[in-house]
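Have the structure open as you read.

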Amino acid sequence: MSILDSKIPEGPLADKWTNYKNKINLVNPANKRNIDIIVVGTGLAGGSAAATLAELGYNVKTFCYQDSPRRAHSIAAQGGINAAKNYQGDGDSNYRLFYDTVKGGDYRSREANVYRLAEVSGNIIDQCVAQGVPFAREYGGLLDNRSFGGVLVSRTFYAKGQTGQQLLLGAYSAMNRQINRGKIQAFNRHEMLDIVKIDGKARGIIARDLVTGKLERHSAHAVVLATGGYGNVFFLSTNAMGSNVTAGWKAHRRGAFMANPCYTQIHPTCIPVLGDHQSKLTLMSESLRNDGRIWVPKHLDDVKAIREGKKKPVDLSEENRDYYLERRYPAFGNLVPRDVASRAAKERCDAGFGVNKTGEAVYLDFASAINRYGKEQAMIHGNQNPTEQEVYDLGREVIENKYGNLFQMYEKIVDENPYKTPMMIYPAVHYTMGGLWVDYNLQTTIEGCYCAGEANFSDHGANRLGASALMQGLADGYFVLPYTIGDYLSADIRTGKIPTDGVEFDQVEKDVKDRIYKLMNASGAHSVDFYHKNLGKIMWNTCGMSRNAEGLSEAIEEIAALREDFWKNVKVTGTADSMNPQLEKAGRVADFLELGELFAKDALHRNESAGGHYREESVEQSGEQKGEALRDDENFKYVAAWEFKGEPKDAMLHKEDLVYENIELKTRSYK
Ligand SMILES: Cc1cc2nc3c(=O)[nH]c(=O)nc-3n(C[C@H](O)[C@H](O)[C@H](O)COP(=O)(O)OP(=O)(O)OC[C@H]3O[C@@H](n4cnc5c(N)ncnc54)[C@H](O)[C@@H]3O)c2cc1C
């Protein structure tokens with residue numbers, strides 16, 4: 001078992017990034033014109049990286065499988081983006097954002113990275129405002145903030161419930177400027193199917209043109225993977241349907257270590273599963289927990305009456321409701337971190353208090369907020385004795401202004417008016433904190449192969465706090481990679497163009513072709529979705545909100561068997577050399593079937609609970625924290641990075657020990 005070198009700069013925490021930038025090698029502007037960079041993925045992480053690298057003068061090629069970078073999954077981000085601006089004057093600082101993020105991640109993230117993230121967070125907001133991103137503003141014109149889970153300040157910048165969309169439009173505009181200058185060549189509707197190494201360095205990719213089906217070779221001096229998260233290994237998740245692990249997994253197979261694959265975030269406020277026909281779940285943004293109160297009935301006979309349609313939630317008086325988050329976590333209330341809120345919902349539903357037919361739903365209620373805002377607005381308008389209806393109308397308007405599009409989305413899906421009756425919500429898979437291991441420079445264990453955004457194992461430890469993914473993706477792309485990759489590329493100023501006709505490209509292209517051939521020529525007994533759904537069921541039942549050794553051991557066997565069956569019996573219609581969405585999907589599911597096994601193996605080896613990884617064997621047994629996740633700092637205070645050794649079951653563990661010099665390791669309490 002080796003110890004990984006994370007290349008954290010020396011010196012005090014707050015000076016590391018500045019010292020690092022002062023000392024790195026630079027590439028002069030004329031030489032940048034001779035250097036090519038491939039950026040796979042044009043969501044917020046890849047889009048911001050590509051635009052900035054091209055602006056600096058490098059020749060950038062971008063790849064995405066959608067028809068436009070504007071359709072990356074990042075567009076779905078609703079709630080907001082964190083930054084330590086302290087505009088509210090509520091005591092925020094870089095240190096506090098750093099502290100909240102490390103604690104939120106249950107002390108399983110790298111201090112130096114998280115501090116840098118906090119340090120550049122303010123720059124992100126300035127950058128995006130300069131691009132014209134329409135962040136919400138207060139009456140006086142200043143940027144507005146709201147709160148997200150796991151923190152006691154308001155530091156989340158937002159654009160209604162469409163923050164990701166607006167940020168992505170900003171990044172895309174910046175990219176477009178470079179496309180027009182000829183500095184970015186954009187290969188949309190292209191899927192990277194493998195990475196090419198020459199003399200141990202990442203020097204190119206094999207991509208499939210998804211319209212023609214043709215395989216293409218692309219070379220560069222460095223490759224950046226910004227290909228998003230792999231939550232769809234669970235089949236049902238809040239991710240876009242196309243989100244996948246293929247690029248990262250192919251890099252893993254060629255030498256990039258996969259870190260903490262089992263760290264998954266289950267988001268507490270999603271629309272519950274409605275039936276077997278579903279292929280996607282819908283998030284109701286965490287921002288709603290600023291104003292929504294979560295509850296279930298206090299008594300089981302009320303639960304029964306509600307499920308049978310004999311009572312409605314609004315019929316229950318306050319004393320018959322259990323606002324279980326406010327009861328259990330008085331300090332953070334409804335804004336506890338996602339892992340804590342999700343487990344609490346599961347606990348209530350497992351105890352029989354779930355309010356829908358399947359017993360897997362709790363209420364998210366806005367009645368108090370509508371009433372509170374309504375009264376405040378009435379006073380502002382000089383109406384001292386408002387009627388109930390006036391209070392409701394005024395309050396509803398405030399809520400509509402804040403979350404209107406989310407309420408509309410809920411009503412369209414569930415066919416109930418959430419202003420009048422509480423929303424029903426349940427936890428769902430949402431985000432993956434695991435991903436390719438990267439050092440401080442965001443370089444993977446393949447030299448010259450970088451990884452940014454949700455695709456890397458990230459700065460979030462075992463649990464991501466809300467509004468931190470957008471921050472990390474944009475920090476990586478706008479402010480970190482442009483420095484760190486320059487340092488690496490300074491050694492390449494005399495290398496010249498990388499040819500694509502060498503044996504290395506020949507071999508990798510052949511491997512890709514062989515794999516496609518195999519997929520197209522299986523027996524054809526079951527659809528790709530059949531396998532994906534079955535994998536998802538195994539994952540949810542054994543690697544979901546709670547995990548135990550027995551279930552995880554079974555999962556490893558079951559996934560391996562399912563994978564074997566897949567390669568014999570999957571049915572892929574169409575042809576290999578034309579547009580073929582079935583083939584695309586099959587390739588992605590094949591990779592999920594390998595990742596899933598490594599995921600379970602990682603979860604099994606980590607015999608502690610941390611953040612979203614809740615091992616039933618490692619739970620606080622008594623005292624104030626009874627039932628909460630119990631970390632084992634003595635044995636598991638490390639990043640688990642897995643090296644590919646032929647089969648997921650044979651993957652070899654490498655450890656990066658986590659050192660905490662600036663933060664005291666504590667029991668993670670939100671009481
Ligand atoms: C519903 C929802 C709401 C969210 N809301 C918030 C929020 O409010 N705040 C927050 O901080 N976070 C939020 N998140 C998380 C956040 O949106 C994501 O973590 C983040 O946007 C990921 O950005 P990314 O650039 O890393 O990846 P993505 O945006 O997923 O982009 C991936 C890119 O990679 C490309 N790609 C993938 N594989 C390949 C391949 N093999 N070949 C070529 N191209 C490939 C895709 O085409 C795409 O361009 C939310 C997530 C969800 C699911």
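Aspartate 365 is buried in this predicted model. Its relative accessible area is 8%, under the 20% cut-off for buried residues. Its salt-bridge partner is arginine 321. Side chains of opposite charge can pair when their charged atoms come close.

**The pair of aspartate 365 and arginine 321**
- The two side chains meet at 3.0 Å, N to O.
- Aspartate 365 sits in strand β14 (residues 362–365), while arginine 321 sits in strand β13 (residues 321–322), so the bridge ties together parts 44 residues apart in sequence.
- Arginine 321 is buried too, with a relative accessible area of 9%.

- Aspartate 591 and arginine 515 join their side chains in a salt bridge of 2.7 Å, N to O.
- Aspartate 591 belongs to helix α17 (residues 581–605) and arginine 515 to helix α14 (residues 503–520), 76 residues apart.
- Both aspartate 591 and arginine 515 are buried.
- Lysine 585 and aspartate 529 form a salt bridge of 3.2 Å, N to O.
- Lysine 585 is in helix α17 and aspartate 529 in helix α15 (residues 528–543), so this pair connects parts 56 residues apart in sequence.
- Lysine 585 is partly exposed, at 29% relative accessible area, and aspartate 529 is partly exposed, also at 29%.

**The wider picture**
- The whole structure holds 53 salt bridges.
- Shared partners link several residues into one network, among them Asp106, Arg108, Asp339 and Arg343.

**A negative patch**
- Glu550, Glu554, Glu557 and Glu558 form a patch of negative charge on the surface.
- Glutamate 558 lies in helix α16 (residues 549–569).
- Glutamate 558 is partly exposed, with a relative accessible area of 37%.

Conventions:
Residues are numbered from 1 along each chain as its sequence is written. This is a predicted model: local features need pLDDT of at least 70, side-chain atom pairs count only at pLDDT 80 or more; totals for chains, interfaces and linings use all residues. Side-chain values use heavy atoms; hydrogens and water are left out. Patches are made of residues with over 30% relative accessible area and no salt bridge: like charges are joined within 9 Å, nonpolar side chains (Val, Leu, Ile, Met, Phe, Trp, Tyr) within 5 Å. Accessible areas come from the Shrake-Rupley method with a 1.4 Å probe; for residues, only the protein chains shown count as cover. A salt bridge is a side-chain nitrogen of Lys or Arg within 4 Å of a carboxyl oxygen of Asp or Glu. Lys and Arg count as positive and Asp and Glu as negative; His and the chain ends are not counted. The place of a charge is taken as NZ of Lys, CZ of Arg, CG of Asp or CD of Glu. Helices (H or I, at least four residues) and strands (E, at least two) are DSSP runs, numbered from the N terminus. Buried means under 20% relative accessible area, exposed over 50%, partly exposed in between (1.4 Å probe, protein chains only).
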